Structures are given as C-alpha cells and as structure tokens.
Protein chains: 2
Amino acid sequence: MKIKLIAIGKTQGDWLINGIGDYKNRLKHYTNYECIEIPDIKNRANLTVDKLKEMEQVEIEKYLDKDSFIIALDENGKEYTSENFSNYIEKKMTFETKSIIFIIGGAFGISKAILERCNDKIALSKMTFSHQMVRLVFTEQLYRAFTILKNEKYHHK
Amino acid sequence: MKIKLIAIGKTQGDWLINGIGDYKNRLKHYTNYECIEIPDIKNRANLTVDKLKEMEQVEIEKYLDKDSFIIALDENGKEYTSENFSNYIEKKMTFETKSIIFIIGGAFGISKAILERCNDKIALSKMTFSHQMVRLVFTEQLYRAFTILKNEKYHHK
C-alpha cells in the first residue's frame, strides 16, 4: 500500500523540515509514504488568487491518477478523531484502494476543480493551520493512525 | 493583558523547541505571553495514571490564581475556528479578565479536579495531538488570533 502527500511549495524553516522528517522516518516502518512538494508558482505575488489556484491545479493534476483514492485536506472537510481516522485509513486500504493521495493546497487553499475531483475531504481541525503547518500535523496524525492500527503505545486514550 | 500557558514536562526535540520559540517571539509584539513548563514527575513510569495526574495537578495548582480566566486545552472541549478563537480572546480580554491561563496536561491529559476548576475547555482539534505537539499548535493559533485581531496579512480566509 502506498500513501502520497502532495503539497504546494517547499517546506520552509528548519524546524518544520526536521519535525516532518521525524514522523516521515517513523512512517517507513508502516507504509510506503512519499511527500511531493510542488515548487511554488513563480511571480505569484502578481497573480490573482484565482489565477494562482488555477496554476497550482495544473501542477497538482500531474500527480493524480484514476486508480488512487484522492483526499483533500481542507478546512471544510469532515473531521475525524485520531481513532476514526485510523479506521478510515485501514478500511480504504483493505477494501477500496492500494493507493491514497492526500492534497494540501497552497496558501489560499485548493482550487474548486481539484476539490470536486477528490473522492473525499478531511479537516484536521476547525481551526486554520498554515499550509506549511498542515504538513507537520498531517504527518504526525498519519503516523499516529498506524500506531493505533498496530495497537502500539504511542497513542494514549 | 497577560496570557500564560502551563504545560507538563520539558518540551522535547530541537525542532519543537525552535518552532514554539518562533511563534513565541512573534507573540511578543502583541501580548505579554509566558509559557511555564512544569518538570515531569519523577519515577512516573512506576505510578498509576490516576496517581500521576493527581501529582501533576498539585504542581499545576501552584500556578493558578482566582483572578485569572483558566482554560483547559482538552480534546473534549469546544472547537473554534481561528476567527472565532480570535474573537473569544478579544472578548475575554476586553470585558472579563486581565489574565488568561491555558493548561495542557501531561501525556494522559488533565485531572478531573483541574478540569472542573477551569472556566472553560477548548479543543484545538477532534484529533489527538501529543501533549508536546499541542504546545506548538496552540502557540501558532494564539499568534494567528492576534494577527486576525490586528487585521494583518498572516491569516488568509
């Protein structure tokens, strides 16, 4: 089974790179996980938000395939507890797909067309996290999900 | 106005210390913010969870005073959007108190007695974050709250 995260822009700041790297390393023991960082669109300060999202959309679409189950990480998505998120991942992987793609949009979110193409939308919180911070929170939750599935000590309830 | 965060145990891992430090520095421009890390209880591996929470409670209580508005950061608390959390902080500070204390429990959460003493409970997410990660997510949200109040560019809606 394969899980891919697609994010817009390089992860910025050593602490964020190291934190994400920490959970990414731990994830290796559980699944084939890959994080793709699409380079920021050039001259984006001169673009309208809609134009920027449209250009980001073109780049994201290059990584989408019809065999994967595609999930947008989006504030308006459904919220899960960590246990339910863990069950969700397990069910998808067991019965529905061999590959899940999660998408984190740019600073202004994900284009409408991509949102419509996604099979599901999940929110990590009602609160807005920066598109950089979402990567860290998501990677930790994915790691937590696998430790819950394996009944390991990391997650306390 | 004064905002204090009380957490159990030293923050562990350079990336987490640096990330929290980053938002703490930014917060200086907006409010008097302090983070108190209560040392981990010794020999805690040999204690029952209830006993550990009770001992943590004694340490936390040393920092509580009756003039502060005390908020537990707890999974079972109320969820806010970042905008609503920002309004919440503003209202509390304008009309109700000069000092807010937020509490993050230890690895097993906050004791019942402390939860009952708190004036309110807020959840950063339905998902479980480690008590270490909560510090980072909280500090970023508090910083975000002030940038929203000041109508600054950090928060995109």
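This note goes through a predicted model point by point, from the pairing of its chains to single residues.

1. Conventions. Residues are numbered from 1 along each chain as its sequence is written, and chains are lettered from A and ligands numbered from 1 in the order in which they are written. Because the model is predicted, local features need pLDDT of at least 70 and side-chain atom pairs count only at pLDDT 80 or more, while totals for chains, interfaces and linings use all residues.

2. Symmetry. Chain B is superposed on chain A by a rotation of 180° with 0.0 Å of shift along its axis, at an RMSD of 0.0 Å. This is the relation of a two-fold axis. The same surface serves both copies, since 100% of the contact residues of chain B recur in chain A. The superposition is by least squares on the C-alpha atoms of residues with pLDDT of at least 70 in both copies.

3. The interface. On chain B, 24 residues are in contact with 24 residues of chain A; contact here requires C-beta atoms, placed from the backbone, to lie within 7 Å. The elements of chain B that give two or more residues to this side are α1 (14-27), α3 (82-96) and α5 (131-149). The largest share, six residues, comes from α1(B). Helices (H or I, at least four residues) and strands (E, at least two) are DSSP runs, numbered from the N terminus.

4. Composition of that side. The residues of chain B that touch chain A divide into 10 nonpolar, nine polar and five charged. Ala, Val, Leu, Ile, Met, Phe, Trp, Tyr, Cys and Pro count as nonpolar, Asp, Glu, Lys and Arg as charged, and the others, Gly among them, as polar.

5. Helix α1 of chain B. Its 14 residues reach 20 Å from first C-alpha to last, close to the 20 Å expected at 1.5 Å a residue; the expected span is 1.5 Å times one less than the number of residues. Residues B:L16, B:G19, B:I20 and B:L27 are buried. They lie on the same side of α1(B), because they cover an arc of only 90° around the axis. The arc is that of the directions from the helix axis to the C-beta atoms. On the other side of α1(B), B:D14 and B:N25 are exposed. A residue is buried if 20 or more other C-beta atoms lie within 10 Å of its own, exposed if 12 or fewer, and partly exposed in between, with C-beta atoms placed from the backbone. The cover over the buried residues of α1(B) includes α1 (14-27) of chain A, together with β2 (32-38) and α5 of chain B.

6. Helix α1 of chain A. The buried residues of α1(A) are A:L16, A:G19, A:I20, A:Y23 and A:L27. Seen down the axis, they fall within an arc of 90°, so they line one face of the helix. They pack against β2 (32-38) and α5 of chain A together with α1 of chain B. Exposed on the other side of α1(A) are A:D14 and A:N25.

7. The nonpolar core. In the largest core, of 77 residues, A:I103 and B:I103 touch the most other members. Such a core is a set of buried Ala, Val, Leu, Ile, Met, Phe, Trp, Tyr and Cys residues joined through C-beta atoms within 7 Å. Beyond four places in sequence, the contacts of B:I103 include B:I6, B:I60, B:I70 and B:A72.

8. B:I36 is in strand β2 of chain B and has 15 C-beta neighbours inside 10 Å, so it counts as partly exposed. Leaving aside neighbours within four places in sequence, B:I36 is in contact with B:K4, B:L5, B:I6 and B:Y63. A:E75 is in strand β3 (residues 69-79) of chain A and is partly exposed, with 19 C-beta neighbours inside 10 Å. Not counting residues up to four places away in sequence, A:E75 touches A:A123 and A:T128.

9. Positive phi. Most residues other than glycine have a negative phi. B:N43 is not a glycine, yet has a positive phi of about 55°; B:N43 lies in the loop between β2 and α2 (49-61) of chain B. B:N43 is exposed, with 8 other C-beta atoms within 10 Å. For A:N151, phi is positive and near 60°. A:N151 is in the segment after α5 (133-149) of chain A and is exposed, with 7 other C-beta atoms within 10 Å.

Methods. Contact = placed C-beta atoms within 7 Å.
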